[in-house]
Amino acid sequence: MTGDEPMDAIGQALEQAYEAYEAGDHGRAGALLAATAPLLPDGFAKPLWFDAALCALLQRDWPLAVERGREAVRFVERGTGEPAYWNLGTAATALRDWALARDCWEGFGMPPLPGEGPIDTDGGPACVRLSVGEVVWVTRLDPVRGKVQNVPFDPSRRYGEVVLHGGAPSGERIMGGVGYPVFDEIELFEPSDLATLAVVVSAPDPDDLEALALRFAERGYGMEILSSRVDRCACCSAGSHVSDRGRFAGEQQLFVAAPEPAARDLLDTWARDRPDARQWADLHPA
């Protein structure tokens, strides 16, 4: 486009853009929208810049999402919950542009976040549906990042990793009568050094396994009982479910997240507390 196209040409470009969007061709859609938006009055350009920035976000093209997102927020009022600021804040976070991210969250309507470097607040618990389909608990570090707080059953993912997630909940998990949103992962933001190990333990009472989980947690490590796994289809996973870890005893296979020497030490000291009842064996990478 050269800037002097008749309105029928602009209309044709927009029709092609949204056809491409519906077909999943977000690159073509975003390019057409970004080329068309400057040719139109502000009232018409506003949704086009928003959609063009969204296309870049869906492509995970973070520099382009920031470029177009800056255009999109020119048309909206700060502090009013405008999603254009949320999308720009997501892209800024992905690029580790913390100053821009802080400005976007404030522009969205949140209180100012302290500090100047990486945002690291205690935003409380939430859940994230990882790209492998598994829902894990996280501690929110900022509006779009969470640190994984349980050992994923898929050993390709790790306890302690930080994930970038979307802002629209796609489900709910209820713990202790309180509902927590489930967000979908956008991408792995920061990997974890703690690989997942598998081990078989014998614990006659549920309290034995809870004591072991507490030992790992006190050292900043994780533990998961494989029997606690609940599989749901994608449709059911998006619903509201009570999260009940349950109480388990007997012979159980565990996943633990800790350096192997530390895991051995924790298992040994746990077993020595009740040598007649507690046992463990076969510690190995999951």
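**Helix pairs, burial and a few individual residues**

Me: What makes the crossing in which α2 passes α3 left-handed?

Reply: α2 passes α3 with that hand because a crossing is left-handed if the near helix is turned anticlockwise from the far one by less than a right angle, and right-handed if clockwise. The helices themselves are DSSP runs (H or I, at least four residues), as strands are (E, at least two), and both are numbered from the N terminus. Please keep in mind that this is a predicted model, where local features need pLDDT of at least 70 and side-chain atom pairs count only at pLDDT 80 or more, while totals for chains, interfaces and linings use all residues. Residues are numbered from 1 along each chain as its sequence is written, and side-chain values use heavy atoms, with hydrogens and water left out.

Me: Which residues of α2 and α3 meet?

Reply: From α2 come His26, Gly27, Ala29, Gly30, Leu33, Ala34 and Thr36, and from α3 come Leu48, Trp49, Asp51, Ala52, Cys55, Leu58 and Gln59. Contact here means heavy atoms within 4.5 Å. By class, this contact has eight nonpolar, five polar and one charged residues. Ala, Val, Leu, Ile, Met, Phe, Trp, Tyr, Cys and Pro count as nonpolar, Asp, Glu, Lys and Arg as charged, and the others, Gly among them, as polar.

Me: How do you know that α5 is roughly antiparallel to α6?

Reply: The axes of α5 and α6 cross at roughly 160° and come within 8 Å. With that angle, α5 counts as roughly antiparallel to α6. The crossing of α5 and α6 is left-handed. Pro83, Tyr85, Trp86, Leu88, Gly89, Thr90, Ala92 and Thr93 of α5 meet Trp98, Leu100, Ala101, Cys104, Trp105, Gly107 and Phe108 of α6. This contact divides into 11 nonpolar, four polar and no charged residues.

Me: What covers the buried residues of α6?

Reply: The cover includes α4 (62-73), α5 (83-94), β2 (135-142), β3 (145-148) and β6 (178-190). The buried residues of α6 (residues 98-108) are Trp98, Leu100, Ala101, Arg102, Cys104, Trp105 and Gly107. Gly109 follows α6 and has a positive phi, near 130°.

Me: Why is Glu185 called buried?

Reply: Its relative accessibility is 13%, and buried means under 20% relative accessible area (exposed is over 50%, partly exposed is in between; 1.4 Å probe, protein chains only). Glu185 sits in strand β6, and a polar atom of its side chain lies 2.6 Å from the backbone nitrogen of Ser131. Apart from residues up to four places away in sequence, Glu185 touches Val128, Arg129, Leu130, Ser131, Arg157, Val163, Leu164 and His165.

Me: Is Glu224 buried or exposed, and what makes it so?

Reply: Glu224 has a relative accessible area of 6%, so it is buried. It belongs to strand β8 (residues 222-225). Beyond neighbours within four places in sequence, Glu224 is in contact with Asn150, Val151, Phe153, Arg245, Gln253, Leu254 and Phe255.

Me: What makes the phi of Arg60 worth a remark?

Reply: Most residues other than glycine have a negative phi. Arg60 is not a glycine, yet its phi is positive, about 65°. Arg60 is placed in the loop between α3 and α4, and its 34% relative accessibility makes it partly exposed. Arg96, in the loop between α5 and α6, also has a positive phi, near 60°. At 40% relative accessibility, Arg96 counts as partly exposed.

Me: Why is Arg264 called partly exposed?

Reply: Its relative accessibility of 34% puts Arg264 in that class. Arg264 lies in helix α9 (residues 260-273) and, leaving out residues up to four places away in sequence, touches Trp280 and Leu283.

Definitions and conventions: Polar contact = N/O pair within 3.5 Å; in protein donor to acceptor, adjacent residues only side chain to side chain. Axes fitted to C-alpha atoms, helices over the stretch in contact; angles between N-to-C directions. Parallel < 35°, antiparallel > 145°, perpendicular 65-115°, else oblique.
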